[in-house]
Amino acid sequence: MSADGGPYTLAEIAEVIEAELSGRGDLVIHGIADIRDAKPGEIAFVANPKYLKEAAQTKASAVIVSKSVQAERISPGTAALYVDDPYLAFAAVLSLLAPKREKRVGVDSRAVLGDTAAIGEAVWVQPYAVIADGARIGRGTVVGSFAYIGEDAVIGEDCLIYPHVTIREGSRIGSRVILHSGVVIGSDGFGFAREGASYRKIPQVGTVLIGDDVEIGANAAIDRAAMPNDATVIGNGVKIDNLVQVGHNVKIGDNSLIVALVGLSGSVELGQNVTIAGQTGLAGHLRIGDNTVIAARSGVTKDVPSNSYYSGFPAIKHSDDLKHQAYLRRMPRMAEEIRALRKRVEELEADRGVSHSAQK
Amino acid sequence: MSADGGPYTLAEIAEVIEAELSGRGDLVIHGIADIRDAKPGEIAFVANPKYLKEAAQTKASAVIVSKSVQAERISPGTAALYVDDPYLAFAAVLSLLAPKREKRVGVDSRAVLGDTAAIGEAVWVQPYAVIADGARIGRGTVVGSFAYIGEDAVIGEDCLIYPHVTIREGSRIGSRVILHSGVVIGSDGFGFAREGASYRKIPQVGTVLIGDDVEIGANAAIDRAAMPNDATVIGNGVKIDNLVQVGHNVKIGDNSLIVALVGLSGSVELGQNVTIAGQTGLAGHLRIGDNTVIAARSGVTKDVPSNSYYSGFPAIKHSDDLKHQAYLRRMPRMAEEIRALRKRVEELEADRGVSHSAQK
Amino acid sequence: MSADGGPYTLAEIAEVIEAELSGRGDLVIHGIADIRDAKPGEIAFVANPKYLKEAAQTKASAVIVSKSVQAERISPGTAALYVDDPYLAFAAVLSLLAPKREKRVGVDSRAVLGDTAAIGEAVWVQPYAVIADGARIGRGTVVGSFAYIGEDAVIGEDCLIYPHVTIREGSRIGSRVILHSGVVIGSDGFGFAREGASYRKIPQVGTVLIGDDVEIGANAAIDRAAMPNDATVIGNGVKIDNLVQVGHNVKIGDNSLIVALVGLSGSVELGQNVTIAGQTGLAGHLRIGDNTVIAARSGVTKDVPSNSYYSGFPAIKHSDDLKHQAYLRRMPRMAEEIRALRKRVEELEADRGVSHSAQK
């Protein structure tokens, strides 16, 4: 195999993504491109059947398509790599061919290391990172400039802590975790008790536990738990988008997705493989079952069972919400129908008067 | 009294929270826990009556409950501390028993102090904080790593400025204020004037005034006022959650609560003791009266009087909004009723035809 | 002309804003104030006719008003500057009279400059900024403390990069751009492919292109494009407010405005001069035509044509949305009308029975 970032031959690529290759295996691929823009020497993909017509006209040297695609749908000069899941295969090829940023090793002299901080092998600590006393950084992790790692925080192996991440004291983070710039882990939860006209702060003395393979987007905030021996928990494989708010004591099950600008109130519990779409909000203490999807801009006010698809505010089953939307669109017609009925009733009433008098 | 972080005897704790103690005063309490998880040596609390059943089964050595709770509701081996407000008492005990982070004193040599910056006694300035010319830091305040305190900004006593806080020039902040990581104070407001096809920036030259005992959550943004001699004002005791947007010239009255992801547009004025729940938005220039609550995910488009509870978009009285929601849920029934009426009218009309012809 | 920040004579100010002056040109103006608070020596403005009554009572030495305003509407002791657009003229005067912050030149010794970073003339790099290898900073730009400029990023001339801005590798930024504290440019987009029970990250290897005269508010996040040779594009003159999320591959046309807490999903395309009001969300891949306005708190689920005004969720034409809102408000009346009709139909039916039996 050639060095990181390629180029690779089609045969090599086919091997990596376990594709059935139709075309010359010795063709050299230099880069990846969108199917519409791709030039000779580049590889593209089609995952969505509605873009298949582009495959017939592409100038790409090769295209990754589903095994269900017929050979005649592909441009004559273009090789085809048939796979089960073109999008997943494309992700693998992108990892292979994308230009790699240099990864250095070592602790920059302008970083601050607490006396008892423990730094693993092959770690790169960039200038002006601060790693406080008792913090531990696992092997192969990158700690960016202006990252702040608080006392006794623990970070696993091969993590990517981008510049300007704040990890407050005592937080524990798994391996292969990516934290984007501006992320705050372990800030105090929003807990206050009334004391006369004002509020008294409830000290927030729990912590945050983040699993392996988690990614958290720019400027998202994850509050620490309120109570000692309790934690806000982000499960393995969870992906959180930019500007998401995760309140204290929240538990998020493995492989859940939380899209941008979502707010999870305190003590919310999400099952595994839950998707919360953008700008949705959940009230405190709710439980959302496994495999459930909450649509964008929903407001969830009650527990939601597993394997559900909910939307709206207050959020209900999406199928019911669609009916509800349809009724809303029918309102002008309903008003018209009421008007028409009133007219017909008036005529009947007038007629009855006639009929009555006719009988007299 | 023992050292910070305990342990304390029950009698000592009872004295601090002014509780009536039923049990042995010499019992030693080492920690705090949730009523369901508490072990011997720990103290728990019950504020919500629906969790009282847990008090009957807890293994906690002591439990803080309301004076209205009967003794037989508490587990036999557990001491009881009777107070007026268990949640508030719990907050006090948590402050007492929570492990204390070391507070150091001094200006780290890697911090930048402007020539005319004034640093009070017992201040701790952490590595790589920047305090610009003319800024003043009050006695006992902590300025975290990567905090940026702009020219002529003034910070009161005993504040906690977490790492990565930005305080722009000229902002004035009271005492005992807590600013969480990523908070930006005094960014320019969003003010532009049309100039042909494009926009011209209105310079934002006012400032920000923050009272005493304010707490502002991670990654919240508070814009400075537009005009000279004007300020965006956050009153005493205000608590602002993560990722909240406060526009230019906003005034927030004392002891108000603003929950996560709320947006307050420019020149909004909130009275005292207002609560704005999560993800709500207020249009510009609105006034919200004292003691008013705006429910989560509301969109406020008009002024709201004092002592109100509003919800919905456009926000209306919550009682009206509930009726409105009930009408929405009745829509399928209304459609059905219209259908049934039409059928009955048709029959009446058909019958009238018969009746008419019968009369002929 | 006098030095930056004034004072200026009225004649000088009239010249700058091309105003028709009614009053003494040699009057000296020291500052700007709100029309209600202005004192002698200060200048104010009235753009909105409903504030004209203030102009009759102001103590300001001068007031900027529209050419359509009659002289007798102005307080007798106050000079008037007549212009076409008072708000725009005011912006110009504010720029003139606002106290100027000192702009220094040079690279602070505590900043980090990558070996191949290129710094233009008259640049000010503040303490603890980091500018990585290959980055280029244009003439006259200010790079604030704790700003992180990634490898090969390019920043134009006369930009203002506030403290705590993160610009990831390869991003390209125009001239006269203002990035407020906490802004993140070029974070990874939210792209994952299903792989069994978990997700595989799609490497995000595109970039970000930001035009000239752009302003981006505190803690906003702009993701980089997913594909190589693709970019998230922010056009010239675009103004983005605080806490806005811009997903990968989004294109924003020139002179568009995006208000706080808006979320633009991946691959959204906005035309020129589009306004997206606060807390609105757009689903992925949508196209919004030129000059279109989307009202606050809308949820856009379909393409929107040019020159439109949309609101609601799902967003529809604002005029239709207003009708829709009116129907919603009529629901109690509709329910009442149905009830009344039912009663009248029942009477008709009862009557028919009588009528029938009378005929027998």
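# Notebook: three chains and how they meet

**Confidence.** I started with chain A of this predicted model, which averages a pLDDT of 93, with 97% of its residues scoring at least 70. (pLDDT is the predictor's confidence in each residue, from 0 to 100.) For the model I noted ipTM 0.93 and pTM 0.95. A reminder to myself: where pLDDT is low, the predicted coordinates should not be read in detail.

**Ground rules.** Residues are numbered from 1 along each chain as its sequence is written, and chains are lettered from A and ligands numbered from 1 in the order in which they are written. As this is a predicted model, local features need pLDDT of at least 70 and side-chain atom pairs count only at pLDDT 80 or more, while totals for chains, interfaces and linings use all residues; side-chain values use heavy atoms, with hydrogens and water left out.

**Symmetry.** How is chain A laid on chain C? I found that a turn of 120° and a shift of 0.1 Å along the axis does it, with an RMSD of 0.1 Å. (Copies are superposed by least squares on the C-alpha atoms of residues with pLDDT of at least 70 in both.) That is the relation of a three-fold axis.

**Chain A against chain C.** I looked up the contact (heavy atoms within 4.5 Å): 64 residues come from chain A and 71 residues from chain C. Together they bury about 5,500 Å², and carbon and sulfur atoms give 64% of that. (Buried area is the accessible area, taken with a 1.4 Å probe, that two parts lose on being put together, summed over both.) Arg101(A), Arg297(A) and Met331(A) supply 11% of the area that chain A buries here, more than any other three residues.

Next I checked charges and found five salt bridges between chain A and chain C. (A salt bridge is a side-chain nitrogen of Lys or Arg within 4 Å of a carboxyl oxygen of Asp or Glu.) Glu349(A) and Arg344(C) form a salt bridge through their side chains, at 2.8 Å, N to O.

Which element of chain A gives the largest share of the side that touches chain C? It's α4(A), with 18 residues. (Helices, H or I with at least four residues, and strands, E with at least two, are DSSP runs numbered from the N terminus.) I sorted the residues on this side of chain A into 33 nonpolar, 16 polar and 15 charged. (Ala, Val, Leu, Ile, Met, Phe, Trp, Tyr, Cys and Pro count as nonpolar, Asp, Glu, Lys and Arg as charged, and the others, Gly among them, as polar.)

**Chain B against chain C.** Here 71 residues of chain B touch 64 residues of chain C. The two chains bury about 5,500 Å² between them, with 63% of it on carbon and sulfur atoms. Phe190(B), Tyr199(B) and Met227(B) supply 12% of what chain B buries against chain C, more than any other three residues. I noted five salt bridges across this interface as well. In one, the side chains of Glu215(C) and Lys201(B) meet at 2.8 Å, N to O.

**Chain A and chain B.** Over all chains the count comes to 63 salt bridges. I picked out Lys201(A) and Glu215(B), whose side chains meet in one at 2.8 Å, N to O. Lys201(A) lies in strand β23 (residues 198-201) of chain A and Glu215(B) in strand β25 (residues 215-216) of chain B, so the pair joins two chains.
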